Amino acid sequence: METVRAAERELMGRLPDGVLMQRAAAGLAAACTGMLGRTYGSRVVLLVGSGDNGGDALFAGARLARRGAGVSAVLLSPERVHEGGLAALRAAGGRVLVAPGAAVEGVAVPVEPVIAGADLVVDGIVGTGGKGGLRPAAVELVEAVRSPVVSVDLPSGVDADTGEVPGVAVRADATVTFGAYKPGLLLDPAREYAGALRLVDIGLGPYLEGRPAAEALQHADVSGLLPRPGAESDKYRRGVVGVVAGSARYPGAAVLAVSGALRGGAGAVRYVGPAADAVIAKHPETLVSAGPPSKAGRVQAWAVGSGLGEDRERLDDVLSAEVPVLIDADGLRLADESALRGRTAPTVLTPHAGEAAALLGWERGAVEARRLAAVRELADRTGATVLLKGSTTVVAGPGGVRVNPTGSGWLATAGTGDVLSGLIGSLLAGGLDALDAASAGAYVHGLAGRFAPRPAGASDVAEALTAAWRDLLRDGAPTPA
């Protein structure tokens, strides 16, 4: 967020006073018009706090009022309201009300019925600098809302930097944000409060210097990362990924990890473990070995851990290899933190919230509430690139932080994580660095979840990886969710 704030300050210093806010207000008003369908005669209520978000809401409300909407602004802090925005709303014929308990006098009209009768409510209560949940006076107003809500920049009460929701917050149907996506809009639990996202370009691009707090790769970004075979490629030049997964109790984990690996772009997949018969029965193209991983033959990367059970010996053998290694599931429980930090080749960890909590010594609820902090902390402790699975998949490592935009609740089913581990391992073998392999793998995996039948099992998701690749490699726009 500080990168965005610095960019805003620099741009404002180069523009006439108020121009940046007018750009934001124009985009906000357009989004409101789209949600209303018909502006003339509609009833719009602005919930206005003391910051620039309140000013954006007031200027947008003035635009809507000039188009024939009946606009009422409810001021929570009238003594600190944006004066220019307030004057613009009044000049356009908007009505100004004061929230109960406000410090100065206003129109003596009960505001709750006005809010309840609105066709659209604009949340301009708290800006990006707000910390903590909504104050009681704001909660009272929000509870009166019965109509769709558009939040200005981000829902009031969520943390713009971390995605945490420390108290009561606005649940928006849509959020109109300006200049750049704020991390809190992309991370759960706050993401679920934001609704549909709309980014309004206000000219910040040239001023957003330095590494952003978090990135979200888009379709074209991932398409550009995926390895493509050349005219001189053979299976070894395309990369060989080794899979160490499964046990007598969990042979399916080996089959699913190999399924993901075979559809990850590598030229060949080697499997080492006790589930070779099950793997060959499903995927006869797999190269299998009964010996230790170090004796299996040439590989460019390993994926280890899915359904491994208590087989620490195979895990230690893989960790001693001087090639990239992905560690999942049982491998995360068995791996020693000092061994992870001692590796010189790239390492990718793929925990879910419960596994991350065990590694960090946190409660699972703390990981789920503070996903960005958790993934950064785990990456710092282990020196690895960490992909934290869940409702929002977040990847953190030495190269930065990325949030996956293609995730879906339909992927929350047994075995899909095994497919993901093989997929990312294959991308590592294909030459992608750890951050790119993990984030591209999460994107392709999420896209496969959209293509798979619903409800889908893990095998369905693995099969749908082919369609996801096809969609990414072709020209044209991505397939919508």
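In this predicted model, the lining of the largest cavity divides into five nonpolar residues, two polar ones and one charged one. The residues in question are Leu217, Val395, Arg402, Val403, Asn404, Pro405, Ser439 and Tyr443. The volume of the largest cavity is about 50 Å³.

How many cavities of 30 Å³ or more does a search of the whole structure find? The search finds two. The second largest cavity has a volume of about 40 Å³. Around it lie Val255, Leu256, Ser259, Arg263, Lys282, Ser459, Ala462 and Glu463. By class, this lining has three nonpolar, two polar and three charged residues. Helix H10 (251–262) and helix H20 (458–473) each supply at least two of the lining residues.

Helix packing comes next. Two packed helices are described by the angle between their axes and the distance between the axes.

| Helix pair | Angle between axes | Distance between axes |
|---|---|---|
| H3 and H4 | about 15 degrees | 8 Å |
| H18 and H19 | roughly 135 degrees | within 9 Å |
| H19 and H20 | roughly 110 degrees | within 7 Å |

Helix H3 covers residues 52–66 and helix H4 covers residues 83–91, and their axes make an angle of about 15 degrees. Because of that angle, H3 is roughly parallel to H4; the cut-off for this term is an angle under 35 degrees. The crossing of H3 past H4 is left-handed. On the H3 side, the contact is made by Leu58, Phe59, Gly61 and Ala62, and on the H4 side by Gly84, Gly85, Leu86, Ala88 and Leu89. Six of the residues in this contact are nonpolar and three are polar, with no charged residues.

Helix H18 spans residues 416–429, and its axis crosses that of H19 at roughly 135 degrees. This angle makes H18 oblique to H19. H18 passes H19 in a right-handed crossing. From H18, the residues in contact are Thr416, Val419, Leu420, Leu423, Ile424, Leu427 and Leu428. From H19, they are Ala434, Ala437, Ala438, Ala440, Gly441, Ala442, Val444 and His445. Sorted by class, the contact of H18 with H19 has twelve nonpolar residues, three polar ones and no charged ones.

H19 also packs against H20, where the axes cross at roughly 110 degrees. Is H19 roughly parallel or roughly perpendicular to H20? The angle makes H19 roughly perpendicular to H20, since the range for that term is 65 to 115 degrees. H19 brings Tyr443, Val444, His445, Leu447, Ala448 and Phe451 to the contact. H20 brings Val461, Ala464, Leu465, Ala467, Ala468, Trp469, Asp471 and Leu472. The contact of H19 with H20 counts twelve nonpolar residues, one polar residue and one charged residue. Tyr443, which takes part in this contact, is also one of the residues lining the largest cavity.

Which residues does a cis peptide bond join, with omega of about 5 degrees? They are Asp188 and Pro189. Pro189 sits in the loop between helix H7 (183–186) and helix H8 (191–194). Another cis peptide bond runs from Arg454 to Pro455, with omega near -5 degrees. Pro455 is placed in the loop between H19 and H20, the pair whose axes come within 7 Å.

Asp153 has a positive phi of about 75 degrees, although Asp153 is not a glycine. The position of Asp153 is in the loop between strand S5 (149–152) and strand S6 (174–178).

Methods. Residues numbered from 1 in each chain as written. Predicted model: local features only at pLDDT ≥ 70, side-chain atom pairs only at ≥ 80, totals over all residues. Heavy atoms only, no water. 1 Å grid on protein atoms, 1.4 Å probe; cavity = no way out; pocket = protein on both sides within 12 Å on 5 of 7 lines; lining within 4 Å. Points joined across faces, edges and corners; volume = space filled by probe spheres on them. Nonpolar A, V, L, I, M, F, W, Y, C, P; charged D, E, K, R; others polar. Helix = DSSP H or I, 4+ residues; strand = E, 2+ residues; numbered from the N terminus. Axes fitted to C-alpha atoms, helices over the stretch in contact; angles between N-to-C directions. Parallel < 35°, antiparallel > 145°, perpendicular 65-115°, else oblique. Left-handed = near helix turned anticlockwise from the far one by under 90°. Contact = heavy atoms within 4.5 Å.
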